[in-house]
Structures are given as structure tokens and as C-alpha cells.
Amino acid sequence: MENYHHGFKLTQTDNAIELFLLGEWNKQSLPAIIEQLSSVSFNQNSLHIDFSQLRTCDSSAIIYLISFIKKFELNYKITLNNMGKFEALYILYSNYYTPIPENTIEKDYAYWLKTIGIYTVSLYIETLRIMNFIGEVIYYLFVSVFTFKSIRLKTMLNHIETSAVNALFIIGVTSFLVGIVIAYQGSVQLEKFGANIFIVEMVSITMFREIAPLMTAIVIAGRTASSYTAEIGAMKITEEIDAMKTMGFEPTLFLTLPRVFALIISLPLLIFFSDLVSVFAGSIVAYLDLNITFTEFYNRMKDTVELRHFLIGIFKGIFFGIAIAMIGCYRGFQVQNNTTSIGKYTTMSVVNAIFIVIALNAIFSVILTQSGL
Amino acid sequence: MEIVEVNNLSTTFGNNIIHDKLSFNVEENEIFGILGGSGSGKTTLIRQMVILQEVQQGTIHVLNQNVSTLTLKQSQVFKANVAYLFQFGALYSFLNVIDNISVMLKEYTHLPDDLIQTIAYTNLTMVGLPLSCAKLYPSQLSGGMKKRVALARALAMQPKILFLDEPTSGLDPSSTQSFNELIVQLQKLLNLTVIIVTHDLNTIKNVLTRFILLDKSIAFNGNYQEALNSEVPFIKNFFKHKD
């Protein structure tokens, strides 16, 4: 026989157990009660539960009692005595009592096969969607070029400001630092051969042709692709995009194209800016480290560095801009109506955008070099 | 016993006066309604009661404690005693339905896991949802279902005070009916005090023991029958179309 202040008291006779519930049964006292009750062994075949000394009983406790009773119901004759004020509570909760459902998921034997299937189908659907999206953009691109009025000039300028003008500082700083690093490392090597003056070609060509476009595009991919995805994703969640569709405002025309145009225009300009800053940084290193004056540096650049290197960099920028803006928008439209998906698709858009920029750059590099440019 | 005591509460947003010296009490075991037109500060008022919004002037006492001066520890205890049903459910989108219902029990009690699950499933059945939606995520539920899950979540902890912000908006009439019946039944059996912000006539008529009507100050304080008999033009106008 045991006695607890909040808990229960047991009286055992030959063929029946009397269980007196005592004191307060609630969420706080329940864990101890459960532990003590589970250590009791019931050998008799009928169980009387007495509620007369129970002061309070909250919903968790009554649910526990019901589950306790259900467990013993099969083998025991159970009677509930002196329920009093708890009767209604007991009845209400037994009506709604729901045990944990058995796990109905069948064992999957061909799990890996199923996984491959699911991935294949989703890859196929994703490809179709991307094609559809690109098609839509191209279609509305032509529509808006032929009917000039439908270009959202104001929105476009707004996007140019937020994604290009506001990025000038960060692009300036990174270009300056990269320019210094490349020139500095180069100057150490060139000095060994006494080929100091070649620092001009080295810095200018690598910057114009490869580094400045790539770096600018990566900064913009991190900065702008993410913001496009988050903007459009938030609009998707607040049903603004659905509202636009019902009003006959084509989202591609109103949201995607202004962003694509904004980057087509601004990315080449940003690359030009990056060219200026990084080559200037290179000339500073050349002056300090190799004693090449600024006049010498720029005169030689004018003589030996061909214009095509510069133009190739700018030209690549147009494609990077299209890719970044389209990826940002495409991922934005994929956002579903829950809070985690904005984060998911924003991450995806940045990763995709950076990857595509690097891949495009590699393709351009091979094609242009092979064709002798 | 007074569960909530509001004294000379004034709230302004910019130049816009929302509450002008409100004073009223909510008694224990009441189902108390807060009514008023759009923008009359109903939600603001109950948000202030659960310390989601700051009290600007006047005092609010909930469970005999001034809500503006609670220490961190006191507010933890306070929060275990109140539950708030948000207008659109505010379910955690990263948890499934059952985990949403059992999250408070998991964090604040030492109950065994299978009992917590059973409590969650029982509450799910209680608010009238099928077992098939137990493993769904909030984004896969309809607006009405979200609300029911939110109610189940609020009930699972068995609070002393239950705050409901427009619990029946967006529910179909028969669901509203059963929702109302459930609230009345639970209030009686679990000794809850329920504070409801509502527009629903069915709720006003059949559920509320008393309500206040906000119009900057308190335009009316009493029950439905008294409101119908009132001669004040604003109150007559408010209930004009509701018969």
C-alpha cells in the first residue's frame, strides 16, 4: 500500500484493486504519478477507481486516465466510483479520445527505384517549367519591344537604382582590392625577369577580359538575384501575383522584364566601372612597386592593349545580366505559400546564378579564344 | 474574482485616438466579448492584455498582475496561463499539425512522449479535424482548418484564460455552430475564462455572457438582451442589421 499527496492510494483485496485518486492531477504532478503507477503490478481481475478524494484534474490528466483505463479494459472489469464533478469532463474527453494511430506507411522495398523515378519526373517537369519561363520572357520581350508603351520604364529605372547604383560602392571596393592583388602578385614575378613594363598588359587584359566581368557578375548575383527572388516570393505569398493575374497584368511584363532590362543595361556599365577602378589600382601598384609612372602605364596601355579585350568583357556582361535577372525572377515565382520556402528559393537562386555566371564565362572564354578574338 | 481589470486605458497611434480611458473588468469563468467596428482597437486591446503590445496609458491587470511591470520570470508563468488564438492561426510552418499542437506540452511539461501525442490527437479530434490531416503541414491546410488546429494548440495546454481573435471568421455556418458549442462546453468543464473578439451574431447571441462595444470609449457593457433594449443610437445602429 502506498500513499502520495498528489497521486493515488491502492487497496488490494483478493480479487479487486481499489485505486483512490488523491489531490491534484495536472501537467506538473502527472509525470511523477505516471512513473509510480507504472511500477505497480496488477494481479487481480477487477479495478475500482475512486474519484472522491480528487480535488482537481486537468485535461492532460483526464486524457491520461482514459488511456490508462482503455489499456486495462480488455483484461479487467473496471468501475468508476464517485466521479461527481469529473463525470462530465470524463465523458467529454472519452468522446473525443484518440490514441496515436498505428503507423500505416508500408515498408518500401524499391525505395531507391522510387527515388530515382521521383527525381527524374521532377527534373523533367522542372525543365519544362524553365523552358516555359524562358519562352514567356522572350515572347513578352518581343511584345514590349514592338509596343514600346508596355515597357515599364519607371519600374526599370527603380530597379537600376536599387541593384546597380546602390551597388557601386561594394563593386568599387572589391575591384580596387582585386586590382591591387593581381598587380602586386604579378609584379613580383615580372620583376624576376626584368619584364616590369608587361605589368600593363597583364593587369589590363586580365581585368578587362575576365576578372572585372566575372567579379561584378558574382557580386550582382549575390546581391540582386537574392533580392529579386525575395521580392517576387513575398508577392507570391501575399497573393499579389494572383491579384495581378486576375486584373490582366501579365507578371512577366510587369515584374520579370523590367528586372531583366535593368540588369541588361546596368551590368555592362558596372563592368566598365569595375574596369576603371581595378586598372587604376593596378597602376598604383605599378608605380609604387615597379616605378612605372602613370603616364607610362596609360600610354603603353593605349599602344598595346587592343580594344577588343575591353569590348568582350562588356559584351559578356549583357548575358550575365540576363541570366542573373531571369534566375532571380524564376526562383521567386516558384516560392510556395510557406515561410521556409522563401529562404530555400533565395538560396537556390544565388547558388544557381553564381554557377551559371561561371559556366557562361567558361563557355565564352573557350569560344572567343578559339575564334581568335 | 476578477481575472482581467482594465483601468483608464488610453492608446493612440500618431494622432489617431484608439482607446479613450477604457475601464472594465472580466470576471472568472466568463465568456467575455469585445465588439466594435473596424479599426476600433479590439485586437490592439487583447494584444495589450497578453503583452504583445505596450500599454501607453492606464493599467491592465491580468490574473492580479500588472502586465506592464512583469519581470521576465513572472511573464513566463503568466504566459503558461494564457493562450491566444490568432486571427489566421499563426501555426508554425515548419511543424506538422500534431507537432504544432504538442509543442507547448513538449517544451513546458515533463509528460511522457506518447501521452503528449495522445493529448494532441484527442485535441485534434475535439476541434473536429480528421486524423488524416495529422501529418500535414500548415501550408497544406485551408484557412478554416488552420484555425481549428490553432484552437487545438491553444486548448492542449489548458490555459486559465483563452484569448480568441475572431475565431469564427472564415468558418462555414455549421462549423461556427459547433465551434461555439465546443467553446461553451469547454469553458464550463475546464473552468476557462474566455475573451473573444468577434463580429459573429451567432457567437454574440449564444456564447457570450457579457460583452463591451468599443467606440474609442466603451459604448456599451452588458449582455445581448440588454443591448437589444438599449436606446442609445450607436448601439441600436450597431445591432440594426443583425436581427
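These legends walk you through close-up views of a predicted model.

**View 1. Six strands of chain B line up in an open sheet.** As you step from one strand to the next, the twist averages 15°.

**View 2. Strand 6 and strand 7 of chain B run in the parallel sense.** Here we zoom in on one pairing within the sheet. Strand 7 covers residues 161-165, and four bridges join it to strand 6 of chain B. To find one of them, look for B:Tyr84, whose bridge partner in strand 7 of chain B is B:Phe163.

**View 3. Two helices of chain B lie across strands of the sheet.** Helix 1 (residues 42-49) of chain B lies across strand 3 (31-36), strand 6, strand 7, strand 8 (193-197) and strand 9 (210-215) of chain B. Its direction makes an angle of about 140° with strand 3 of chain B. Helix 6 (residues 173-190) of chain B lies across strands 3, 6, 7 and 8 of chain B, and runs at about 135° to strand 3 of chain B.

**View 4. Chain A meets chain B.** Now let us look at where the two chains touch. On the side of chain A, 24 residues are in contact with 28 residues of chain B. The size of an interface is often given as the accessible area lost when the parts come together. Between chain A and chain B, the buried area is about 2200 Å², and carbon and sulfur atoms give 71% of this. In chain A, the residues that lose the most area to chain B are A:Lys27, A:Tyr96 and A:Thr98, together 27% of what that side buries.

View 5. The largest share, five residues, comes from helix 3 of chain A. What kinds of residues make up the side of chain A that touches chain B? They divide into 14 nonpolar, eight polar and two charged. Five residue pairs are in polar contact between chain A and chain B, while the number of salt bridges across this interface is zero.

**View 6. A:Arg331 forms a salt bridge with A:Glu126.** Side chains of opposite charge can pair when their charged atoms come close. In this pair, the closest N and O atoms are 3.1 Å apart. A:Arg331 sits in helix 11 (residues 307-334) of chain A and A:Glu126 in helix 4 (residues 111-146) of chain A, so the pair links parts of the chain that are 205 residues apart. Over all chains, the count comes to nine salt bridges.

Technical notes: Residues numbered from 1 in each chain as written. Chains lettered and ligands numbered in written order. Predicted model: local features only at pLDDT ≥ 70, side-chain atom pairs only at ≥ 80, totals over all residues. Heavy atoms only, no water. Pairing = 2+ DSSP bridges. Axes fitted to C-alpha atoms, helices over the stretch in contact; angles between N-to-C directions. Contact = heavy atoms within 4.5 Å. Buried area = accessible area lost by both parts, 1.4 Å probe. Salt bridge = Lys/Arg side-chain N within 4 Å of Asp/Glu carboxyl O. Polar contact = N/O pair within 3.5 Å; in protein donor to acceptor, adjacent residues only side chain to side chain. Nonpolar A, V, L, I, M, F, W, Y, C, P; charged D, E, K, R; others polar.
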